[in-house]
2 protein chains.
Amino acid sequence: MNLFGGIRLKYVYFFEEGSKEMKNLLGGKGSNLCEMANLGLPVPKGFVISTEACIKFFDSNDFPEGLEQEINSALQKLEERTGKKFDSTENPLLVSVRSGARVSMPGMMDTVLNLGLNEKTIFAMTEKTQNKRFVLDSFRRFIQMFSNVVLGLNHDDFEEILEKEKSFSGVKFDFELTESSLEKIIIQYKALVEKETKKPFPENPKEQLLLSVKAVFSSWNNKRAITYRKLNNIPDDWGTGVIVQEMVFGNLGNDSGTGVCFTRNPSDGTKGLYGEFLLNAQGEDVVAGIRTPKKISELTDVMPEIFEQLSSFAVNLEKHYKDMQDMEFTIEKNKLFVLQTRNGKRTSSAAIRIAVEMVEENLFSKTDALMKIDSVHLNQLLHKRIDAHQELTEIASGLNASPGAATGKIVFDANKAESFGETENIILVRTETSPDDIHGMIGSKGILTARGGMTSHAAVVARGMGKPCVAGCEEIKIDYKTREMHVKDLTLKEMDFISIDGTTGKVFLGEVKLIDPKPDEFFSRILEWADEIKLLGVRTNADTPKDARKARELGAQGIGLCRTEHMFFEPERLPIMQKMILSDSTQERKKYLNQLEAMQRTDFEGILEAMNSLPVTIRLIDPPLHEFLPSREDLIERITELKNLVDSRDDSKLIAELNEKKFLLKKVNELHESNPMLGFRGCRLGIVYPEIIEMQTKAIAEAAKNLKEKGLNPKPEIMVPLVGIAKELELSRKIIEKVLNEIIPNEKILIGTMIELPRAALIADEIALHADFFSFGTNDLTQTTFGFSRDDVEGKFLNKYIEQKILLISPFVSLDTKGVGKLMETAVALAKKSKPNLKIGICGEHGGDPDSIEFCHSLGLNYVSCSPFRVPIARLAAAQAVIRKKQ
Amino acid sequence: MNLFGGIRLKYVYFFEEGSKEMKNLLGGKGSNLCEMANLGLPVPKGFVISTEACIKFFDSNDFPEGLEQEINSALQKLEERTGKKFDSTENPLLVSVRSGARVSMPGMMDTVLNLGLNEKTIFAMTEKTQNKRFVLDSFRRFIQMFSNVVLGLNHDDFEEILEKEKSFSGVKFDFELTESSLEKIIIQYKALVEKETKKPFPENPKEQLLLSVKAVFSSWNNKRAITYRKLNNIPDDWGTGVIVQEMVFGNLGNDSGTGVCFTRNPSDGTKGLYGEFLLNAQGEDVVAGIRTPKKISELTDVMPEIFEQLSSFAVNLEKHYKDMQDMEFTIEKNKLFVLQTRNGKRTSSAAIRIAVEMVEENLFSKTDALMKIDSVHLNQLLHKRIDAHQELTEIASGLNASPGAATGKIVFDANKAESFGETENIILVRTETSPDDIHGMIGSKGILTARGGMTSHAAVVARGMGKPCVAGCEEIKIDYKTREMHVKDLTLKEMDFISIDGTTGKVFLGEVKLIDPKPDEFFSRILEWADEIKLLGVRTNADTPKDARKARELGAQGIGLCRTEHMFFEPERLPIMQKMILSDSTQERKKYLNQLEAMQRTDFEGILEAMNSLPVTIRLIDPPLHEFLPSREDLIERITELKNLVDSRDDSKLIAELNEKKFLLKKVNELHESNPMLGFRGCRLGIVYPEIIEMQTKAIAEAAKNLKEKGLNPKPEIMVPLVGIAKELELSRKIIEKVLNEIIPNEKILIGTMIELPRAALIADEIALHADFFSFGTNDLTQTTFGFSRDDVEGKFLNKYIEQKILLISPFVSLDTKGVGKLMETAVALAKKSKPNLKIGICGEHGGDPDSIEFCHSLGLNYVSCSPFRVPIARLAAAQAVIRKKQ
């Protein structure tokens, strides 16, 4: 019984008492050692002290009641099992004391090796190994490690002694030190300990052990471990397990050695052992990099039986863990010990190949294979990326606004980017981009902006174009006059080289080597399996034939969101669009709309053709009209300038410009909105100016008609944005249907709406009566539900919120199931009440986020829609959602 | 059986078959005639054709099956009852044919009088009345009316004939025409009819009747009736009833007459007949305005018995209808006929007095009295208003942003308004107001702006100050340079007189007479009764001690929303606020916050003292910080100017200003937001800059402490705005509690939050765990739920939406119960699950809207909070909600 009256916990577990399922209690390393021991693999004997003991330790900063006794009896048992004894002058027991948390935190916590050595046992060890130098060196290392880890002494003070002796004896490397040098060093080490701690170095192995265990516990709370946990979202209250294990030595001669190996190639997934080893060495020697390790395949030559044994262990471990393993091993005098195994880290392409091949090897089912792949990592295979095997100089970082990498010459304006872009790789660098920059963006390999969020013009357009973009990189300051950019102390001129990684948001100096994407047969195979299982349709968000084709190639089953407004931003169209907006009468407006209609018809023909026989959901105009006009600030600046110029000289051209700009400003002021996102946009435009959506419907209908006549099978669907009141859709629908009936009276074109306002979700039953389909616009729905303007909060306080754990992840990245999701749930339930078979999809950016896809699956949606390059991710995530739900 | 197999409807009802409950079927006028007939009042005999017949008529544009027979047999019965007969040469029956819809649509539909006159019956009538001129004139009028209403001939053509004859015989008025003139006119009228219709004027009274009934039916769909219905939200499918009734004549000599009277004075409510009459006259003569009617009291002198009879009818009708009546009567040869009765229209003060006195007269209960008052009209009694008894020249209209009327001289800038305001009545006229104009607003009697919505700076501040304001009056153009304003063709100079009515949004030319508000004893009585019944508490939204006192006087039970940011806009504080915002370090920021703290403490002392012993909910800072800084546009304009100036002359002062402005612009740009409403504001500010809310809490705590020490009982409550995530409130609460514990550790200060984001409503159970109370901020909740930025939509398309009936009323005026209300319901249910006794109120502007108050009552909220002048409305509406729910 403990103080609180409960039954006392068991703290110490021998390997046979544990299993891989006990990770939480014994830590990852500890539970895997247990598992291997139970599998009959040769693991050095030992036991694990549980994470619970660690947690209790923190309560009183001392061992919990009973732990010391448990350690003592475990030690006694270990002595019996090994036939060795602490402090024995004949066959002394040496152990290692290691940390091992629930998840691997490599190098973050402390380890003590060779514990058990003292003035008495070194003689026995020398006798036993017939290698005095090895024993002295081990003792020297033990004192240094113990003093640092357990006694808290400064590592550098010991290094100083070591260095002095090396220079005194004229040697360069540690291993060149003679036995007598080592003896001198040991004497000096001990003197240093006594001087610093006012006590002699502890000679009693039991005392060494208990102190070491406490030290390893405490290392859970050292600064670097805390930082690591914070970065990796690991809870502070998990604690670490401690493994006490008999030492084995790979440095006892050429019949000994050490190595690490993967059961398959972690970079491409090829089957077969992959790794390195060194003879007559310990783990540290591999790390130190003094000797070059050999490829594991060479082990066949020097130790064929050991290689055989290792290979068979690999096969067994893979069968057992049903995953590729990363093993550490030591050979002590021709005997192989496995020191650790864990699931090996691998690249995305290796992960896919391994999963596919393991299915073929009957290691697991297709379903299991699908669950092994992290869908987000598929992304890596679809974009150019920066070759990791090169020196990189990171100079800044911004938002990872559009994935992929690009390298090229800096250009600060769109015209230049367009012209140079024909012959060179150009990175367009702007404070912000605007519709005026589109041609420059087309001409560039990538875009870098100093301002703007994930929905800024640059970000949206770049994603649409499939070009890499780093946005909102606030560290860079651009001086358009001197044509320079400044980053910290660095100044870069136009035509200097720069590289950006839109997948990570990082910016690098100079030109870098890129790797081309190449999805292989394994990639296709895994996605075919995904398609067999998934229930959700996967469509794409695409505004151009090129994107549509790309998405189709990647498996898209249609377009879920084709935005029509970007088409108006093209250089030859924008002026017409502006004239349309500035029109004073319906008649005048219609004149310009007619011109736009012809252009939109061509766009739609292209997209419908690319998606022939698959549905294409076209959203009618959405943004507020002022987005198509010059900014208020620019106009005011120019007008003030012109006023001054006109004052000083009477130039009729200037006066004309002044008047024109004044008129424009008047109009812009009239259209100005304090909160454009909540203003005159979406279906509200079409209700006040029906002629706009009449034009768009006409363009769609005529495009469909033309393709039909060419023998194709176009399937347009028309989507009305921003509905919040049932009557809005009812009226819009009437306008649309009238036009459709005039042009293609016999075609059944679906007319639906986006659900992107809280009110739309709340009255979805009423809205459903006028809709053939719903599509959740979760970007806007998230903005209104949270009261978050994405552009404003991402730069300003969202990071702070995530840092302070007010939010765990941006709700723009992964659906907020509690709030936004609740509205979606309400909407689905209400809509199905009115129309049980209503088709419902999602076309917000969440459509490409695996967690959000899982949520959509659980809501019973019909499809998700995402950007072309996310289509494979969505296919996989949709299959995983089905599997996870069944489990 | 009709065509559809149903039982044929009954279409015609004699008065004894109907009652006042049958308004929908028989129309208002018809059902009241039935009621009076059943009460035994002398009503000319007749019958009603139902609204159902009218509706059926529209189906086929002809009488429905059976109607004609029913009319015929009713006519026969009427002939029996009156002893008169159509077409009789001895005692001919003359009837009126009138419309009468469910609700009164005065003058919108058609009427035919004197029907039954023809060449035969005029002789009998002359015989009977011994008044040939009267008969000829009646015939002339009948032909004219019938030809216009039934035959569709042009009224003017008949007037032309009449005018010609008048000028030929040299007379000025119709009544001066001789019998022979009238005979000539009748001949010409008939000739005109025959020429235009190719048929003689119909002589058969039955034919006349059937045609007239059809014409009255059809008049339901004339243009002016349709327009009227649209304006008054009357459904088009109600149809009109038609009343066929024996004619009575008030113009048969001095023993005859006609008049209208109210049973009580409709302008002040005093008991006793109030109205006018004319002897020897018909209704039209009163309207024509040629003879001046006499006061009803004078009827005692000329016809004392009739007056007695009328008085007793009045008493009976009031008893029966339990309401003040508006009667029409005719005296035909000393016999009194009541032609119509209906509930009389009255002023707000009359309505209140009548309701109170009718309770004293035991006509009905207090509960009934409360239900008789339209709570919105109470408003009229609390603000200065424009005297209706004067000539008014309306020149423009805008939004009724803050109620009450003001008259004074135009001033275009705040400084001038402040200085002139000390001695004269000033109306401050601005394109928009900004924080820099506050002192001018204080100095003015009223504010008129050309731009901005109901939540614009001018509107919000004016309501706060209780000053009249007309905002967003887009017709006026202000030229600050010439110091003129233009409205249509009118130009007004500074110091010209103007008047505004903030209750209606109208703007008038020149100085007008205003009436002071004077709530009387009846007003107090009715509100006392309301307080006895209501369950909702009524608090006020007030930011100053003056408002707090006013609200308390009007019955407020505390403050539900005290905004703290307006305090920072005061001229001596704004610069400190700006310095605080521009601070680069927490330390610097704290310096300025300390200065602000002292000022806020004084504010809070004043408000808490004014509301002594009543709760005062203080909301922490809410708006985005850039609202306190100059606008981007102004800065850009000035910087461009300065650059030009600096270019032309090297003036160190100018350069200094340029640099300062550039620095400011940089900061403003940093803080700039695309959608500030959804940006860095509310509790988000306090989480990033805890020092700001620490300062505010300190000011509140110290104010409370100081008042306590003076023996008062301050009851502050602290409210955190814009919470959408439970952790936001948890963190804010920690910050607040820490400060409270330092200053007033023993006081229990409630800490709560606003529910003003959809997400807050959806996770109200989680938020409730950290809250002592909730207050619905329905302004913002409406904005986010609908995706409506109030400032943007009110001017741009909300009117259009109401016109097109997409919305029936602005959701900012009356709570959208379907959408926003659903979220509130969810929030209440979730919150009570976590904390069954959580106090929940509402402090959006809906807190003063009767329909919204009823909804809040039904949700079981604890209180509503509204602007001071709406407190009486809220008290009444809260009582009405209780009564209505019981019913």
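Me: How are residues and chains labelled, and what is counted?

Reply: Residues are numbered from 1 along each chain as its sequence is written, and chains are lettered from A and ligands numbered from 1 in the order in which they are written. In this predicted model local features need pLDDT of at least 70, side-chain atom pairs count only at pLDDT 80 or more, and totals for chains, interfaces and linings use all residues, while side-chain values use heavy atoms, with hydrogens and water left out.

Me: Why is strand 27 of chain A largely enclosed?

Reply: Buried means under 20% relative accessible area, exposed over 50% and partly exposed in between (1.4 Å probe, protein chains only); strands are DSSP runs of E, at least two residues, and helices runs of H or I, at least four, numbered from the N terminus. In strand 27 (residues 715–720) of chain A, 5 of the 6 residues are buried, so the rest of the structure largely encloses it.

Me: Which strands pair with strand 27 of chain A?

Reply: Two strands pair if DSSP finds at least two bridges between them. Strand 26 (residues 615–619) of chain A runs parallel to strand 27 of chain A and is joined to it by 5 bridges, with A:R619 opposite A:M719. Strand 28 (residues 750–755) of chain A also pairs with strand 27 of chain A in the parallel sense, over 4 bridges, and A:V720 stands opposite A:T753.

Me: What is the order of the open sheet in chain B?

Reply: Its 5 strands have the order 1-2-5-3-4, with antiparallel pairing, and strand 1 (12–14) and strand 4 (111–115) of chain B are the edge strands.
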